[in-house]
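Colleague: Thanks for sitting down with me. Please walk me through this model, and spell out your cut-offs as you go.

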Amino acid sequence: MAFKDKVSALLDEGLSQKPSLFLIDLTITDTYKIIVTLDGDNGVNLQDCIDISRAIEHNLDREEQDFSLEVASAGATSPLKIPRQYKKNIGRKLKVTTATEKIEAELTDANDEFVVLEWKAREPKQIGKGKETVQKKVEIPYSDIKEAIVIITF
């Protein structure tokens, strides 16, 4: 079994023990540095990272292949990458960049194909001078999203 396949299988097994966690990225460099990035429906704590690290490290033989291992959570300012991340952030404000525009809006819905964003904007009145506040709502397919970041407010 190839090294990457073995690591991937051990990672899947470790994640199966913690169903609230999910994989964002698995990278194995040419120098056999394993980098695992996780996220969770309820966040990721230090113990989660330790448990996943042990699930991988304790089942690999350093005599067979020397490696280094890094298991971390996706940072608060990391871009969202998979639909499950969007779903867990419904109700939060996102900064979404597409090929044509940048939108700061509340994420009101997310499914496996697209996200729904809602925000208020000031636009010229239909009749007369001045501006009025209008409610905007847009569905954006994941394929159109170049980057989406949760806006953290205090």
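**Residues, cores and overall form**

Colleague: Let's start with D48: in which helix is its place?

Modeller: Helices are DSSP runs of H or I with at least four residues, and strands are DSSP runs of E with at least two, both numbered from the N terminus. By that assignment, the place of D48 is in helix 2.

Colleague: Before we go on, what kind of model is this?

Modeller: Residues are numbered from 1 along each chain as its sequence is written. Side-chain values use heavy atoms, leaving out hydrogens and water, local features need pLDDT of at least 70, side-chain atom pairs count only at pLDDT 80 or more, and totals for chains, interfaces and linings use all residues, since the model is predicted.

Colleague: Back to D48: is it buried or exposed?

Modeller: With a 1.4 Å probe and protein chains only, buried means under 20% relative accessible area, exposed over 50%, and partly exposed in between. D48 touches K18, L21 and G43, leaving out residues up to four places away in sequence; a contact is heavy atoms within 4.5 Å. Its relative accessible area is 11%, so D48 is buried.

Colleague: Which residues have the most contacts inside the largest nonpolar core?

Modeller: A nonpolar core is a set of buried Ala, Val, Leu, Ile, Met, Phe, Trp, Tyr and Cys residues joined through side-chain atoms within 4.5 Å. The largest one has 17 residues, and those with the most contacts inside it are V7, I34, V36, I52, I56 and L60.

Colleague: And which element gives that core its largest share?

Modeller: Helix 1 (3-16), strand 1 (21-28), strand 2 (33-40) and helix 2 (46-57) each supply at least two of its residues. The largest share is five residues, and it comes from helix 1.

Colleague: What is the phi of Y32?

Modeller: Y32 is in the loop between strand 1 and strand 2, and at 30% relative accessibility it is partly exposed. Most residues other than glycine have a negative phi. Y32 is not a glycine, yet its phi is positive, at about 60°.

Colleague: Which residues does T98 contact?

Modeller: T98 lies in strand 4 (residues 93-98) and counts as buried at 12% relative accessibility. Beyond neighbours within four places in sequence, T98 is in contact with I140, D144 and K146.

Colleague: In what order do the elements run?

Modeller: The protein has three helices and eight strands. From the N terminus on, they run α-β-β-α-β-α-β-β-β-β-β.

Colleague: Last one: what is the radius of gyration?

Modeller: The C-alpha trace spans about 80 × 30 × 25 Å along its principal axes. The radius of gyration is taken over C-alpha atoms, and the globule rule is 2.2 Å times the number of residues to the power 0.38. For 154 residues that rule gives 15 Å, and the protein is well over it, so it is more spread out than a compact globule, with a radius of gyration of 20 Å.
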